[in-house]
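Colleague: Can you walk me through this one? Keep it simple, please.

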Amino acid sequence: MRNRFLDKLGKEWLLFDGGMGSLLQKRGLKTGELPETWNLTHREDIIDIHRSYLEAGSDVIYTNTFGANRFKYPDSLSEIVSGAVSCAAEARKRAGREDDAFVALDIGPCGRLLQPMGDLAFEDAVSLFSEIVAAGTKAGADLIVIETMNDSLETKAAVLAAKENSDLPVVATCVFDEKGKMLTGGTPEVITAMLEGLRVDALGANCSLGPDKMVSVARRFLACSSLPVVIKPNAGIPRVENGETVYDVGPEEFASVMAEIADLGIHAMGGCCGTDPSYIRELKKMLYGTKEGAAPAGHPAPLKAFIPPVPKDLSLVSSFADAVRIGEKTVIIGERINPTGKKRFKEALKSHDMDYILSQGLQQEDAGADILDVNVGLPGIDETAMMKELVPLLQSVTALPLQLDTADPKALEAGMRIYNGKPMVNSVNGRDDVMDAVFPLVRKYGGVVVGLLLDENGIPETAEGRFRIAQKIYQKAASFGIQPKDIVIDCLTMTVSANSRSALTTLECMRKIRHELGGRTILGVSNVSFGLPQRENINAAFLIMAIREGLDCAIINPNSEAMMSAFRSALALTEQDPDFNAYITAYAEEPGSSQSAPKQDAPEASNAGPGAYIERGMETKAAEAALQMLQHADALTIINEELVPAMDRVGAQFEKGTLFLPQLLRSAEAAKKTFEAIKAAMPGSDQAMKGRMILATVEGDIHDIGKNIVRILCENYGYEVLDLGKNVPAETIVETALKEDIKLVGLSALMTTTVTHMEETIRLLREKKPDTKIVVGGAVLTPEYARLIGADHYARDAMSTVRYADEVFG
Amino acid sequence: MPIIEPREKEIWRYLGYRNEEPGQDIRDRITHCVETLQRECTPKHIAREFSLEILPADAAHAGPEGGKSRETLPVIRLHDLAITSSSLAKNLQGCEKALLFAATLGHAPDRLIRRASVTHMSDAVIYQAAAAEMIEAYCDSLNDGWNASYTQQGWILHPRFSPGYGDLSLSLQRDIIRLLDTPRQIGLTLTESLIMLPSKSVTAIIGLERTDPDHPASAPQTNCAAARSGCASCTLTDCLYRR
């Protein structure tokens, strides 16, 4: 049966079914009742509904398993699922359509939000979906349908579960609003990139919109998808009439708009909420011209011309919300998330200072990066664990697609698996062992992979030599089913001062790749200037030449204004910046005027010290003043006589109620920036630390704004903070306290439901490390409550934590 | 999609400014954050009417399996729920049905807060305060719309009441989310510990009382902010944000 579905998919019209919920309600299902229980208790009703769809003309029916998962059916999942499949199979038998209709195992969203935005771990979601897939496959479904998905990451978890636990074909459809956006930000292009990468068999949209609003969504899918497109709209907009939900688009109107969508070239259709078999009957009439009630078996020649899917030569990488097309115009890949040659970054990796790493990403985004390279390889760092942790964190603060950059296939797989979208992969080269390790991952998870033109014999001297490696990479990729559009070639930048021809060789090779293979290219340019003075001159010039040669991806430091001005100018000169919008946006304002920094008042006294600026929360001025002061004072004096007193003054004003939280934080940010400026100018001039403490939001709680406020203040008042993050199990906190011999632990909880975890953490800490003091805070806590759960101190706000720390360490 | 207009003074209040006004620099940041939120939020809501019945404490006591604490508390029967809560019973006094509703600003506030936490914590608290006010303002505007249409049909709206207010258990969230099918309808989900995600979301019950044409003002007034959001009937009197 399976092959028969794939035999038809994308080759002829396939009619899916319509809504299930409203039909069940008509038969007596109550609001809030679990519909899937009917697979066991009301089998005849379920069979009847399926049969009516088959008789109306549906070729594919969805099992009644939309909400069947372990959260709702902890004890009876496999019975519920196999009951559903057997109802559908029975209906098919009774309708006499065993030969040409298909039972789709229906998988809907699980109702919980995945990490990092929610609390459900990605692998838990995969395993939850795997249970449904395994049960449905065993029960004899013909295909798997993942539908009504609001979140691209959850969609990915479900597709992986399907692929890892079944050989059945997979169809995935998501929910879009009128602007073509999913709830979590995805668009048809974003979803297409990811789902094609995951190798589903068909994709598209269902639910939420009526057919008229679905026209533009369908059009966008068809413009980028090489796979068959499925569209299942609602019967218009719902409204409640006499306690019942009714929809405003009837069967004929529905079919007439779907005729328009059919003409766009979609490949399968059906209905969602509010539709019933009469809608499918109209669709059938519209596609085939059959009269109502005509025998559904054996399709006559359709009225509507069927257009098979058209392969698209689009190289797309995506995140959960943005898709970047490679080959359209040169894009910037920011290279700064990489420890190589960066002392501060290495320090951050070692001390697990994730916020610093994240800030490196955001800074590049603000500077104009389109994609961020992510490299966390450093001796002594568990690269796989770091990749797995950093990728979701980055994706919780930026929508830029990521380029996962590692030589370790394990770390690469960890990153690719949890990545929300279709990543870039950096990299393979001409060595078979490398390609054998990386290509299977690209085949499984999807990605645009960078091919470096070197092999076991090193880097060929000539363009021809490198070109031959490129050919080998393309060939080998093809043997894994990876298309040329998912490969970008790095012709390799060599140091020009070592070989004066090398830059020309690289450019020549790029030209060959582009003209003879139609390939896309990528280049990191900064190597070219090694050993020369004023390296940015050479780098910028080489970048411009490469862009003239058709470079698709430039790996650069977007924080370098020299590189960015070269980049923007080159784009403007090569017709890649229509109307010069990007160029004008960047340079029409005065140089030096920053768009993102908060507006700052003019200083009252031009010779004010950094302390005065810190008090007013003016971070740029404060840092500048500190650097100026460094010319005649040492770092420690500035810290002790300017920074610390300034923070003491704002702290006191905050406590008196004459200065408020946003100002306190602005001052803290200014102080932090000033510390960093001093540290950068005078390495080794660290502030004397008063002590080390742990901060964590307890298990079950995912609010961390309060904890983050406490952290920035404690750091500014001279404490080293080990920030364990949010949703932290008691064991982790206790283990860290023991291992690092921590004297003070700060715990935050916002909900009454999570204070129990706080209490448990305190109990465990008391037992394992009785000498540690514990301060607690959070919206639901009171001094009495804090005492009751055994804390040493209740902090009503961030300053009060600082004061308590002063007491503990003083 | 509706553009939500927050009340600036409410944002100041959430930021801890009691009677003072923030300086111009902070007010500029507030404007910036509000504009960003207005651009990126995707407000959605869902509401459904259910009939209800309030069993007074002694009547509820008649149930065979009432535990000790239940014996002294009234029970509200609403669709397939039996809610034990004296604060809710008081709030719904005189109502024969109720509007169950859920509203959310979508994922944008959570992302903006998280992003600002990395770059400027001061912006993060402003996003937090502005979004908190915006979900309230959104609920108020929905409330106003229902108020208008129900008044016409001869009903009065009681102040909205949310799980966690007074003695109304937070675990009621699970039932509201189930009855309104919020994950599918508006993308509102719950964590295991009953935290709503997206976090800038509200669920509530609004009692509907039939107006007696002879005594039009027999129900609690709904035209002041405190009554609308239920502060007046809430027992958490030490709440920082109580009006």
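Predicted model: local features only at pLDDT ≥ 70, side-chain atom pairs only at ≥ 80, totals over all residues.

Colleague: OK. How many bridges join S2(A) to strand S3 of chain A?

Modeller: Three. The two strands run parallel, and S3(A) covers residues 102-107. Within that pairing, A:Ile61 stands opposite A:Val103.

Colleague: What order do the strands of the open sheet in chain A have?

Modeller: S1-S10-S7-S6-S5-S4-S3-S2. That is eight strands, with parallel pairing. Strands S1 (14-15) and S2 (60-62) of chain A stand at the edges. Each has a single partner strand, so one side of each is left without a neighbour in the sheet.

Colleague: Which helix lies across S2 and S3 of chain A?

Modeller: Helix H5 of chain A, residues 77-94. Its angle to S3(A) is about 155°.

Colleague: Let's switch to the two chains. How many residues are in contact?

Modeller: 48 residues of chain B touch 58 residues of chain A. Together the chains bury about 4,600 Å², with 60% of it on carbon and sulfur atoms. On the chain B side, B:Arg111, B:Arg114 and B:Arg184 lose the most area to chain A. Those three make up 17% of what that side buries.

Colleague: How many salt bridges cross that interface?

Modeller: The rule finds three. There is a salt bridge between the side chains of A:Glu365 and B:Arg115, at 2.7 Å from N to O. As for polar contacts, the count between chain B and chain A is 16 residue pairs, both residues at pLDDT 80 or more.

Colleague: Which element gives the most to the side of chain B that touches chain A?

Modeller: H6(B), with eight residues. Other elements giving two or more residues include helix H2 (24-40) and helix H7 (121-152) of chain B. By type, that side of chain B divides into 19 nonpolar, 13 polar and 16 charged residues.

Colleague: Now the backbone. Where are the cis peptide bonds you noted?

Modeller: One runs from A:Asn426 to A:Ser427, with omega near 20°. A:Ser427 lies in strand S16 of chain A, residues 424-429. Another runs from B:Leu197 to B:Pro198, with omega near -5°. B:Pro198 lies in the loop between strands S7 (196-197) and S8 (201-210) of chain B.

Colleague: And what about phi at A:Thr148?

Modeller: Phi there is positive, about 55°, although A:Thr148 is not a glycine. You'll find A:Thr148 in strand S4 of chain A, residues 143-149.

Note on methods: Residues numbered from 1 in each chain as written. Chains lettered and ligands numbered in written order. Heavy atoms only, no water. Pairing = 2+ DSSP bridges. Helix = DSSP H or I, 4+ residues; strand = E, 2+ residues; numbered from the N terminus. Contact = heavy atoms within 4.5 Å. Axes fitted to C-alpha atoms, helices over the stretch in contact; angles between N-to-C directions. Buried area = accessible area lost by both parts, 1.4 Å probe. Salt bridge = Lys/Arg side-chain N within 4 Å of Asp/Glu carboxyl O. Polar contact = N/O pair within 3.5 Å; in protein donor to acceptor, adjacent residues only side chain to side chain. Nonpolar A, V, L, I, M, F, W, Y, C, P; charged D, E, K, R; others polar.
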